[in-house]
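Hi,

My notes on what turned up in it follow below.

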Amino acid sequence: MIRHTVAFRLVHPSGSPAEQEFLDAGAALAAIPGVQRFEQLRQTGTKNDFSFGFSMEFADQAAYDAYNVHPVHTAFVAQRWVPEVDDFLELDYQPLG
C-alpha cells in the first residue's frame, strides 16, 4: 500500500469562490481507477503554513504509477494545480513491515 499525501496553500483568498472551485475540481481525483480512501483535508494546526491536504491510498506501485499518468490527474495538475497552488509538500509513504 502507498499513501500519497499533499499539503498545500492556494493563491486564492481563504473562503473565496475560487478556493471552493479548486477543491471541487480536486474531488474528481477520487474517481481515478486505483484511488482508495481519498480525502480532502483542512489544516487546523498552526505548525505550518499549508491550508489544505489531499490524501489517498493505492494498493501498490503499479496503481500509483497509473494514477500519475491518468488524463484526469495530468489535466488537473496542468490546468488547476500549477496555476493555483502557491506552495506544497508531497509525501508518499508505505507501511513499515
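Is D87 buried, partly exposed or exposed? At 35% relative accessibility, D87 counts as partly exposed. The cut-offs: buried is under 20% relative accessible area, exposed is over 50%, and partly exposed lies in between, with a 1.4 Å probe and protein chains only.

Before the rest, some ground rules. This is a predicted model, in which local features need pLDDT of at least 70 and side-chain atom pairs count only at pLDDT 80 or more, while totals for chains, interfaces and linings use all residues. Residues are numbered from 1 along each chain as its sequence is written, and side-chain values use heavy atoms, with hydrogens and water left out.

**Salt bridges**

The count comes to 5 salt bridges. The rule asks for a side-chain nitrogen of Lys or Arg within 4 Å of a carboxyl oxygen of Asp or Glu.

D87 is in one of them. Its partner is R9, and the closest N and O atoms are 3.6 Å apart. R9 sits in strand β1 and D87 in strand β4 (residues 85-93), so the bridge ties together parts 78 residues apart in sequence. R9 is partly exposed, at 24% relative accessibility. Helices and strands here are DSSP runs, numbered from the N terminus: H or I with at least four residues for helices, E with at least two for strands.

E57 and R3 form another salt bridge, at 2.7 Å from N to O. This pair also links distant parts of the chain: E57 is in strand β3 (residues 52-58), R3 is in strand β1 (residues 2-10), and 54 residues separate them. E57 is buried at 10% relative accessibility. R3 is partly exposed, with 34%.

Then there is E84 with R80, where the closest N and O atoms are 2.4 Å apart. Both belong to helix α3, and being 4 residues apart they are separated by about one helical turn. E84 is buried, with a relative accessible area of 10%. R80 is partly exposed, with 22%. Salt bridges that share partners also join R3, R37 and E57 into one network.

**R37**

Check the backbone at R37. Its phi is positive, about 55°, although R37 is not a glycine. Most residues other than glycine have a negative phi. R37 lies in strand β2 (residues 36-42). It is exposed, with a relative accessible area of 64%.

**Helix packing**

Two packed helices are described by the angle between their axes and the distance between the axes. Helix α1 (residues 17-26) and helix α3 (residues 71-84) pack at about 145°, with axes 11 Å apart. Axes are lines fitted to C-alpha atoms, for helices over the stretch in contact, and angles run from 0 to 180 degrees between N-to-C directions. The crossing is left-handed: the near helix is turned anticlockwise from the far one by less than a right angle.

Which residues of α1 and α3 make the contact? From α1 come A18, E21, F22, A25 and G26; from α3 come F76, R80, W81 and E84. Contact means heavy atoms within 4.5 Å. By class, there are 5 nonpolar, 1 polar and 3 charged residues. Ala, Val, Leu, Ile, Met, Phe, Trp, Tyr, Cys and Pro count as nonpolar, Asp, Glu, Lys and Arg as charged, and the others, Gly among them, as polar.

H73 is also in helix α3. It is buried, with a relative accessible area of 12%. Not counting residues up to four places away in sequence, H73 touches L29, I32, Y67 and N68.

**Aromatics**

The structure holds 14 aromatic pairs. Rings of Phe, Tyr and Trp (its six-membered ring) pair if their centres lie within 6.5 Å; planes under 30 degrees apart are stacked, over 60 edge-to-face, and the rest tilted.

F54 and F76 have ring centres 6.4 Å apart and planes at 40°, so this pair is tilted. F54 is in strand β3 and F76 in helix α3, 22 residues apart. Both are buried.

W81 and F88 have ring centres 5.4 Å apart and planes at 75°, so this pair is edge-to-face. W81 is buried at 10% relative accessibility, and F88 is partly exposed at 39%. One aromatic cluster takes in F8, F22, F38, F52, F54, F76, W81 and F88.

Best wishes
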